[in-house]
Amino acid sequence: MNRTKRDLLIVIRHPVGGIRTYLKYTYKYLDPGKYRLTVLTVRNPEGSHIQTDLDGFEIRMVEIENRHAELNMVLAMARLLSKGNFDLIHSQGFTAGALTALANAFFRVPHILTSHDVLREDQFGKTVFGQLKRRLFGQLLGRADVIQSVSHDAAANLLEYYPRLLDGKPLLRVILNGIDVAAFASETDQTASGELRRDLGIAEGTVLFGFLGRFMPQKGFEYLVDAVDMVSKDDKYGNRVKILAVNDGAYVREYKALIDSKKLTSYFLFHGFVPDVRRILRGIDALVMPSLWEAYGLIAAEALLVGCPVIASDCIGLREVTRDTPALTVRLKDAKSLADAMRRYMDNTEMIRRETEMYLPTAMERYDSRKTAAQLDALFDETMQGTGRR
């Protein structure tokens, strides 16, 4: 085996959304001559793109079935660690990090946990069992060598729940998430808007808002439905609005039923998962993000990188991405605030689009994943050297 390369074990419990995109954007700028990758994950249609996303690397995919995924992931990881000679484990998300702590207890391979979410009270509850779960979860997270947060908001949230992490083990680091700016900048096809609208049958004069998030409560889709309900009753705006909802998720049927119950079916178009969102972002008039929480809010940065206006809630994580940008900010869990912002966009479309386009040079500097990758590479080196690895 060629030991000139470092062997990384990447552990992913949920290979969807921001985690998959993080790997795609950040690992691209790590050196394939320096690292060899083993990816342990759950079999998933979106996760199947990971090998293609990382095709520049020498990579081995180990996929387990979703049934009893947590137990099977721990067992599969233990087998890999017993047979392999890994220099570092890079777990993606809190659940993957906790599972890694269990599997790695006897092997003590250096472990960096990258958090892609925030913690919430409803994850634990106030019962005795809930508090025990919270304590156990904290102990498992504490076995990592480094916990790296993708935003300052996410890091502060972690310390709210586990202030003892400030004692020095594990190390806490913030490396801001980033976008593959070169890939976004390489495609400047101005016909994308017209093509998308034509493909969808969107009438001239209609404002096409886009929702590009998984259909889960976190993304606040129900507040968008309520906002459209308000706008639809306004004669000035109601006949001009369409929502393109892109992605999938467990609650899509419930949300479609909600839309039907409000007689808003004609206002919504549903599109399945899209592995590359650039054409969508260039084709819609504005991105709408009514999220309840985010670790970072990557899609808002992606939108700003293609000059797509953004309407975003002021939730944790997302507010950090849109701060000091031309994005329109709305109050958390407030459908009226969202409806007002949609009207404001329709009244000031040209001005808002012009301000967003003027922000492009700043966005390209601010969100560049090459900086993320350089800091991550340095963290890999530091962690391996600090634990006696090469």
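Apart from its neighbours within four places in sequence, A155 is in contact with S149 and V174. The model described here is predicted. A155 belongs to helix α6, which covers residues 152-161. Its relative accessibility is 18%, and because buried means under 20%, A155 counts as buried. The C-alpha atoms of A155 and S115 are 8.7 Å apart in space, while the two residues are separated by 40 places in sequence.

Burial was also examined for helix α1, which spans residues 17-26. Seven of its 10 residues are buried, so helix α1 is largely enclosed by the rest of the structure. The buried residues are I19, R20, T21, Y22, L23, Y25 and T26. In general, an α-helix has 3.6 residues a turn, so residues three or four places apart point the same way.

Aromatic side chains were considered next. The model contains 16 aromatic pairs. In one of them, the ring centres of Y35 and F380 are 5.7 Å apart and the ring planes meet at 80°. An angle over 60 degrees counts as edge-to-face, so the pair of Y35 and F380 is placed in that class. This pair links distant parts of the chain, since Y35 lies in strand β2 (residues 35-42) and F380 in helix α17 (residues 369-386), 345 residues apart. Both Y35 and F380 are buried.

F215 and F221 form another edge-to-face pair, with 5.3 Å from centre to centre and 85° between the planes. F215 has a relative accessible area of 1% and is buried. F221 is likewise buried, at 0% relative accessibility.

Rolling a probe the size of a water molecule over the atoms shows where empty space is left. The count comes to one cavity of 30 Å³ or more. The largest cavity holds about 30 Å³ of space. Its lining consists of Y223, P290, S313, V330, R331, L332, K333, D334 and L338. Divided by class, the lining has five nonpolar residues, one polar residue and three charged residues.

K333 has a positive phi of about 55°, although it is not a glycine. The residue is placed in the loop between β13 (328-330) and α14 (335-347). With a relative accessible area of 51%, K333 is exposed, because the exposed class begins over 50%.

K263 is located in the loop between α10 (252-261) and β10 (268-271). At 71% relative accessibility, K263 counts as exposed.

Methods. Residues are numbered from 1 along each chain as its sequence is written. This is a predicted model: local features need pLDDT of at least 70, side-chain atom pairs count only at pLDDT 80 or more; totals for chains, interfaces and linings use all residues. Side-chain values use heavy atoms; hydrogens and water are left out. Rings of Phe, Tyr and Trp (its six-membered ring) pair if their centres lie within 6.5 Å; planes under 30 degrees apart count as stacked, over 60 as edge-to-face and the rest as tilted. Helices (H or I, at least four residues) and strands (E, at least two) are DSSP runs, numbered from the N terminus. Buried means under 20% relative accessible area, exposed over 50%, partly exposed in between (1.4 Å probe, protein chains only). On a 1 Å grid over the protein atoms alone, a cavity is a set of points where a 1.4 Å probe fits but cannot get out, and a pocket is an open set with protein on both sides within 12 Å along at least five of seven lines; lining residues have an atom within 4 Å of a point. Grid points are joined across faces, edges and corners, and a volume is the space filled by probe spheres set on the points. Ala, Val, Leu, Ile, Met, Phe, Trp, Tyr, Cys and Pro count as nonpolar, Asp, Glu, Lys and Arg as charged, and the others, Gly among them, as polar. Contact means heavy atoms within 4.5 Å.
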